Amino acid sequence: QKLIRDYMMQHPEQIPAMLELLNTLRAMERVTDHCLNIAEHVFYIVEGSDLRHISSERLAEVTSKYA
């Protein structure tokens, strides 16, 4: 955040482009969150396990058959 702020202070003509970039990045983060939620739901439907509540060892075991 400090880096972006400093850049915008040094290059005020770039502020509109930087704000658009920040909004785009925020939207992309939301898209990835939605994709993760969809993947978790699909995994639950297929495996019957909630990804958020299993150990990393169990996750590796279950997902290895899909690799």
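Is Ser49 buried or exposed? Ser49 counts as buried, because its relative accessibility is 16%. Buried means under 20% relative accessible area, exposed means over 50%, and partly exposed lies in between (1.4 Å probe, protein chains only).

This is a predicted model: local features need pLDDT of at least 70, side-chain atom pairs count only at pLDDT 80 or more, and totals for chains, interfaces and linings use all residues. Residues are numbered from 1 along each chain as its sequence is written, and side-chain values use heavy atoms, with hydrogens and water left out.

**Around Ser49**

Ser49 sits in the loop between α2 (15-47) and α3 (56-63). Helices here are DSSP runs (H or I, at least four residues), numbered from the N terminus. Leaving aside neighbours within four places in sequence, Ser49 is in contact with Phe43, Tyr44 and Ile54. Contact means heavy atoms within 4.5 Å.

Phe43 belongs to helix α2. Phe43 is buried, with a relative accessible area of 10%. Not counting residues up to four places away in sequence, Phe43 touches Gly48, Ser49, Leu51, Ile54, Val62 and Thr63. Phe43 and Ser64 are 21 residues apart along the chain, and their C-alpha atoms are separated by 13 Å.

How far apart are the end C-alpha atoms of α2? They are 47 Å apart. At 1.5 Å a residue, the 33 residues of α2 should span 48 Å, so the two values agree. The expected span is 1.5 Å times one less than the number of residues. After α2 comes Gly48, whose phi is positive, near 75°.

The buried residues of α2 are Met18, Glu40, Phe43 and Glu47. These buried residues pack against α1 and α3.

Two packed helices are described by the angle between their axes and the distance between the axes. The axes of α1 (residues 2-10) and α2 come within 9 Å and cross at roughly 155°. Axes are lines fitted to C-alpha atoms, for helices over the stretch in contact, and angles run from 0 to 180 degrees between N-to-C directions. α1 and α2 are therefore roughly antiparallel to each other. That term covers angles over 145 degrees; under 35 is roughly parallel, 65 to 115 roughly perpendicular, and the rest oblique. On the α1 side, Ile4, Tyr7 and Met8 make the contact, while α2 supplies Ile15, Met18 and Leu22. The contact residues divide into six nonpolar, no polar and no charged. Ala, Val, Leu, Ile, Met, Phe, Trp, Tyr, Cys and Pro count as nonpolar, Asp, Glu, Lys and Arg as charged, and the others, Gly among them, as polar.

**Salt bridges**

How many salt bridges does the structure hold? It holds five. A salt bridge is a side-chain nitrogen of Lys or Arg within 4 Å of a carboxyl oxygen of Asp or Glu. The table includes some of them.

| Lys or Arg | Asp or Glu | Closest N and O atoms |
|---|---|---|
| Arg5 | Asp6 | 3.7 Å |
| Lys65 | Glu47 | 3.2 Å |
| Arg52 | Asp50 | 3.0 Å |

The Lys65 and Glu47 salt bridge links distant parts of the chain: Lys65 is in the segment after α3 and Glu47 is in helix α2, 18 residues apart. Lys65 is exposed, with a relative accessible area of 58%.

Arg52 is exposed at 60% relative accessible area, while Asp50 is partly exposed at 23%. Salt bridges that share partners join Lys2, Arg5 and Asp6 into one network. Arg5 is partly exposed, with a relative accessible area of 45%. Asp6 also counts as partly exposed, at 25% relative accessibility.

Note on methods:
Helix = DSSP H or I, 4+ residues; strand = E, 2+ residues; numbered from the N terminus.
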